[in-house]
Amino acid sequence: MKRLQAFALFFGATLAMAAQTGWALDLNPNEIRGKSSKEPVSVLQNRYFLKAFRPEFGMMAGQVIDEAYLDTSLAGGRVGMFFNEWLGVDIQMARTTVRDSADRTALNSVKYLPLPERDASGNAIPADPTAEQRVVTPDPEVNAVHAMQDVTAVAAPFYGKLNLLNKWIVYTDLYFTSGYTRVETDQGTKNGMSFGVGQRFYLGKAVSVRIDARDRIYRESRAGKPTSKNTYSWDLGLSYFFN
């Protein structure tokens with residue numbers, strides 16, 4: 001009987017200890033350790049390249065890419081200023097060099113006799129046999145671009161870095177532009193809107209390389225009718241940020 005009582009007492013003590021252990025596992029860790037005085041991490045790494053209130057001056061060269069009968073290259077410069085690390089303004093000015101494309105050269109090499117003139121009834125008027133035959137060549141309607149000036153807002157919300165073969169870290173950001181454009185064409189000066197996207201690669205803390213693509217929208221005349229025109233271009237540029 002005494003042995004049975006001793007075993008029951010031991011078994012009861014074991015259950016009590018297990019219950020106390022299980023209760024301890026349910027405690028809130030914050031009640032044991034206390035709350036941390038540090039704020040949660042929101043930025044994994046500080047920016048290497050800071051551009052707020054640093055004047056930017058740069059040069060660029062590129063191409064107008066949507067013209068079938070002209071080869072139009074562009075070159076110019078830009079100035080800009082960021083008010084914080086992701087929002088700023090940009091002024092870009094460019095002049096162009098215009099040449100006939102291979103398609104237009106091929107068209108201009110074609111020669112043909114013009115269609116005969118017709119009277120009010122639609123009948124062909126016989127040509128004067130003593131008159132000199134007139135030869136014409138086809139020439140498409142074009143409105144060449146000679147200069148462009150853009151004043152745009154710049155938003156650069158994406159910033160990161162690239163690891164090149166574990167040898168070189170290049171910091172970069174992706175930006176968007178939107179604003180006013182002034183385009184000088186064969187038909188005169190046109191005012192419109194400019195929209196673009198680009199990416200910048202930082203080479204140290206003062207120099208950057210940027211790739212820029214823009215769409216300039218304005219009105220021009222086609223076959224005597226006003227028409228909306230999109231002039232697409234891309235350029236590659238080098239910029240310097242002053243301290």
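Biologist: Why is Ile65 called exposed?

Modeller: Ile65 has a relative accessible area of 53%, and exposed means over 50%, so Ile65 counts as exposed. Bear in mind that this is a predicted model. Ile65 sits in the loop between strand 1 and strand 2 (70-82).

Biologist: What makes up the nonpolar surface patch of about 480 Å²?

Modeller: Ile65 belongs to that patch together with Ile211, Tyr232, Trp234 and Leu236. A patch residue needs over 30% relative accessible area, and Ile65 has 53%. Strand 8 (residues 225-241) gives the most to the patch, with 3 residues.

Biologist: Now for charged pairs. Why is the contact between Arg222 and Glu220 called a salt bridge?

Modeller: The closest N and O atoms of Arg222 and Glu220 are 2.7 Å apart. The rule asks for a side-chain nitrogen of Lys or Arg within 4 Å of a carboxyl oxygen of Asp or Glu, so the pair qualifies.

Biologist: How do you know whether Arg222 is buried, exposed or partly exposed?

Modeller: Buried means under 20% and exposed means over 50%, with partly exposed in between. Arg222 has 27% relative accessibility, so Arg222 counts as partly exposed.

Biologist: And why is Glu220 classed as it is?

Modeller: Glu220 has a relative accessible area of 4%. The limit for buried is under 20%, so Glu220 is buried.

Biologist: What makes Lys51 and Asp173 a salt bridge?

Modeller: Their closest N and O atoms are 3.2 Å apart, and the cut-off is within 4 Å. The pair links distant parts of the chain: Lys51 is in the loop between helix 2 (29-33) and strand 1, while Asp173 is in strand 5 (residues 168-185), 122 residues away. Both Lys51 and Asp173 are buried.

Biologist: Which residues make up the largest nonpolar core?

Modeller: The core has 8 residues: Met60, Val64, Leu74, Ala94, Val145, Met148, Val183 and Tyr218. Strand 1 (56-64) and strand 4 (145-164) are the elements that give two or more residues to this core. Leaving aside neighbours within four places in sequence, Leu74 is in contact with several residues, among them Met60, Val64, Ala94 and Met148.

Biologist: How do you know that strand 3 and strand 4 pair?

Modeller: Pairing takes at least two bridges. Strand 3 (residues 87-100) and strand 4 have 9, in the antiparallel sense, so they count as a pair. Ala94 stands opposite Met148 in strand 4.

Biologist: What about strand 4 and strand 5: what joins them?

Modeller: Strand 4 and strand 5 pair over 17 bridges, also in the antiparallel sense. One example is Gln149, whose bridge partner in strand 5 is Arg182. The two strands form a hairpin with 3 residues between them, and Leu165 in the turn has a positive phi of about 55 degrees.

Biologist: And how many helices and strands does the protein chain have?

Modeller: The protein chain has 3 helices and 8 strands, and 28% of its 243 residues count as buried.

Methods
Residues are numbered from 1 along each chain as its sequence is written. This is a predicted model: local features need pLDDT of at least 70, side-chain atom pairs count only at pLDDT 80 or more; totals for chains, interfaces and linings use all residues. Side-chain values use heavy atoms; hydrogens and water are left out. A nonpolar core is a set of buried Ala, Val, Leu, Ile, Met, Phe, Trp, Tyr and Cys residues joined through side-chain atoms within 4.5 Å. Buried means under 20% relative accessible area, exposed over 50%, partly exposed in between (1.4 Å probe, protein chains only). Helices (H or I, at least four residues) and strands (E, at least two) are DSSP runs, numbered from the N terminus. Contact means heavy atoms within 4.5 Å. Patches are made of residues with over 30% relative accessible area and no salt bridge: like charges are joined within 9 Å, nonpolar side chains (Val, Leu, Ile, Met, Phe, Trp, Tyr) within 5 Å. Accessible areas come from the Shrake-Rupley method with a 1.4 Å probe; for residues, only the protein chains shown count as cover.
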